[in-house]
Structure formats: C-alpha cells, structure tokens
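Biologist: Hi, could you walk me through the side-chain contacts in this one?
Modeller: Happy to, let's look together.

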Amino acid sequence: QVQLAESGGGLVQAGDSRRLSCAASGGTFSRYTMGWFRQAPGKEREFVAAIGRTDGRTYYADFVQGRFGISRDIPKNTVYLQLSNLNSEDTAVYYCAARASSRSSLNAVAGYDYWGQGTQVTVSS
C-alpha cells in the first residue's frame, strides 16, 4: 500500500506559478500511474493531469490549456504538478492519486486506488 503526501500549496496572486509535489512511500513508485485532481468549494473533484507508469506519457484535462505540467522523479518517489498563469478559478484543494490498474478511465476519481490528503491552492485576483 502506498502513502501519498502533497505539499507546495499556498496563497498566490493571479498570473503566478506554483509547483506542487507529491511524495510517495510504502510501495514501488514505478508501478503506479500517478494523477492530480482538484476540488473547489461546492464542486466535485475533477481530473487535472496524469502521467503513465511505464512510458511517462502525460494526459491533461481540457481546461489546463498548456498552463500546467505533470512530471515524475522515480528515484525520489515524487510526482510534481507545475502550475502557471494561475487564475481565481484554479483555487481548490489539489490531490495526488495513484493507480495500479487500468480498470477505469484515467480521468475518473474511481480509477485511483490511493489518495493524499490534499494541498490548498488559493489564487488571489
């Protein structure tokens, strides 16, 4: 079983950049496809980005529009989400997630087996 711990959130200004980190422990990191989701107040949790476990291929939600980048450092057991050109609509709790199988769609909450506690990103306009 893998444990995930996010960090890097905080209060930022509109247009700023921020890098979120997710450190994994307790499992073989390279076995998991890693994803980032977010949840704004009063809204459902939504997919942001994912990175494949074998080929490192990346996937993004349409709303990202080139502003975010997901990457992973396997020796450090860490996945990153680089946020840029942030706006108030990006205010949310950002969650890291891991999945060992491909039983569901990559952008589905139900498709992930393990979740972190989340890190708050607040964008001030």
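Biologist: How many salt bridges are there?
Modeller: The count is 3 salt bridges, each being a side-chain nitrogen of Lys or Arg within 4 Å of a carboxyl oxygen of Asp or Glu. This is a predicted model, where local features need pLDDT of at least 70, side-chain atom pairs count only at pLDDT 80 or more, and totals for chains, interfaces and linings use all residues. Residues are numbered from 1 along each chain as its sequence is written, and side-chain values use heavy atoms, with hydrogens and water left out.

Biologist: Which residues are linked in the network of salt bridges?
Modeller: Arg38, Glu46, Arg67 and Asp90. Glutamate 46 meets arginine 38 at 2.7 Å, N to O, and aspartate 90 meets arginine 38 at 2.9 Å, N to O. Aspartate 90 also bridges to arginine 67, with the closest N and O atoms 2.8 Å apart.

Biologist: Are aspartate 90 and arginine 67 buried or exposed?
Modeller: Both are buried (buried is under 20% relative accessible area, exposed over 50%, partly exposed in between, with a 1.4 Å probe and protein chains only). Arginine 38 is buried at 7%, while glutamate 46 is partly exposed at 32%.

Biologist: Switching topic, which residues do ring pairs link into a cluster?
Modeller: Phe37, Phe47, Tyr95, Tyr112 and Trp115. Rings of Phe, Tyr and Trp (its six-membered ring) pair if their centres lie within 6.5 Å; planes under 30 degrees apart are stacked, over 60 edge-to-face, and the rest tilted.

Biologist: And how many aromatic pairs does that rule give?
Modeller: It gives 6 aromatic pairs. In one of them, phenylalanine 37 and phenylalanine 47 have ring centres 5.6 Å apart and planes at 75°, so the pair is edge-to-face.
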